[in-house]
Amino acid sequence: YISAKLLRHHGCSLPIQFWHYGPDEITDDMRALASPLGIEFVDALAVKKVHPTRKLKKWAIKPFSIIHCPFKEVLLIDADNFAAKDPEFIFEEKAYLETGVLIWSDIKVIRREQEIFDLLGIEFDNDESVGLREMESGQIVVDKERCWNGLQMAMFMNEYSDFFYRFLDGDKDTFML
């Protein structure tokens, strides 16, 4: 709610969806509080009934919500991320227009010895002295049409998190990979 309230305060007119796990996670009071902000509540478990997935716990809701939301272009913002200004300009950023995706780095560095690159057959051509930073999945901007295959791969890795998370720190790098 606070994140959405800040977006509206900064003049953001983008449609906002709150994705959640089942009716127990959103109360009527929460709906009433958020209603003036024009927020649509989406029950991921109800969507899962129409679009089955192997696993939809914790972080897997991120790629699932991106894939199944009605928008072609998506700005995913975690509930613990807050906008300092209207983020609509991001969709006009050169890097986004060129690639169809914007991700931000996190603190931790990925080192070449991580098995995930070999497992996925990804060439890791990076300066070992610097390393490649993990990505932050608390905010992602993506053009679903241009990045559909990558989104499907991220969803697959999250559906099979019992295997892939042994090599990764949660969902974050499934988007990057």
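**Buried residues and salt bridges in a predicted model**

Q139 sits in strand 5, residues 132-143. The model is predicted.

Q: Why is Q139 called buried?
A: Its relative accessible area is 18%. Buried means under 20%. Q139 therefore counts as buried.

Q: Which residues is Q139 in contact with, leaving aside its neighbours within four places in sequence?
A: They are L76, N81 and W104. Contact means heavy atoms within 4.5 Å. Q139 and D78 are 61 residues apart in sequence, and their C-alpha atoms are 6.4 Å apart in space.

Q: What makes Q17 buried?
A: Q17 is in strand 1. Its relative accessibility is 17%. The limit for buried is under 20%, so Q17 qualifies.

Q: How do you know that the side chains of Q17 and W19 are joined by a polar contact?
A: The distance is 2.9 Å. The cut-off for the N or O pair is within 3.5 Å, so this pair passes on distance. The side chain of Q17 also makes a polar contact with the side chain of E40, at 3.0 Å.

Q: Which residues does Q17 contact, leaving aside its neighbours within four places in sequence?
A: E40 is one of them.

Q: Why is the pair R54 and D162 called a salt bridge?
A: The closest N and O atoms are 2.9 Å apart. The cut-off is within 4 Å, so the pair qualifies. R54 lies in the loop between helix 3 (44-50) and helix 4 (61-68), and D162 in helix 8 (residues 161-164), so the pair ties together parts that are 108 residues apart in sequence.

Q: Are R54 and D162 buried or exposed, or in between?
A: R54 has 43% relative accessibility and counts as partly exposed. D162, at 45%, counts as partly exposed too.

Q: What makes D78 and K62 a salt bridge?
A: Their closest N and O atoms are 3.1 Å apart. That is within 4 Å, so the pair counts. D78 lies in the loop between strand 3 and helix 5 (94-99) and K62 in helix 4, so the pair ties together parts that are 16 residues apart in sequence. D78 and K62 are both buried.

Q: How do you know that K72 forms a salt bridge with D143?
A: The closest N and O atoms are 2.8 Å apart. The limit is within 4 Å, so the pair meets it. K72 lies in the loop between helix 4 and strand 3 and D143 in strand 5, so the pair ties together parts that are 71 residues apart in sequence. K72 counts as partly exposed at 40% relative accessibility. D143 counts as buried at 4%.

Q: How many salt bridges does the rule give?
A: The count is five.

Technical notes. Residues are numbered from 1 along each chain as its sequence is written. This is a predicted model: local features need pLDDT of at least 70, side-chain atom pairs count only at pLDDT 80 or more; totals for chains, interfaces and linings use all residues. Side-chain values use heavy atoms; hydrogens and water are left out. Helices (H or I, at least four residues) and strands (E, at least two) are DSSP runs, numbered from the N terminus. Buried means under 20% relative accessible area, exposed over 50%, partly exposed in between (1.4 Å probe, protein chains only). A polar contact is a pair of N or O atoms within 3.5 Å; within protein, one must be able to donate a hydrogen and the other to accept it, and residues adjacent in sequence count only if both atoms are side-chain atoms. A salt bridge is a side-chain nitrogen of Lys or Arg within 4 Å of a carboxyl oxygen of Asp or Glu.
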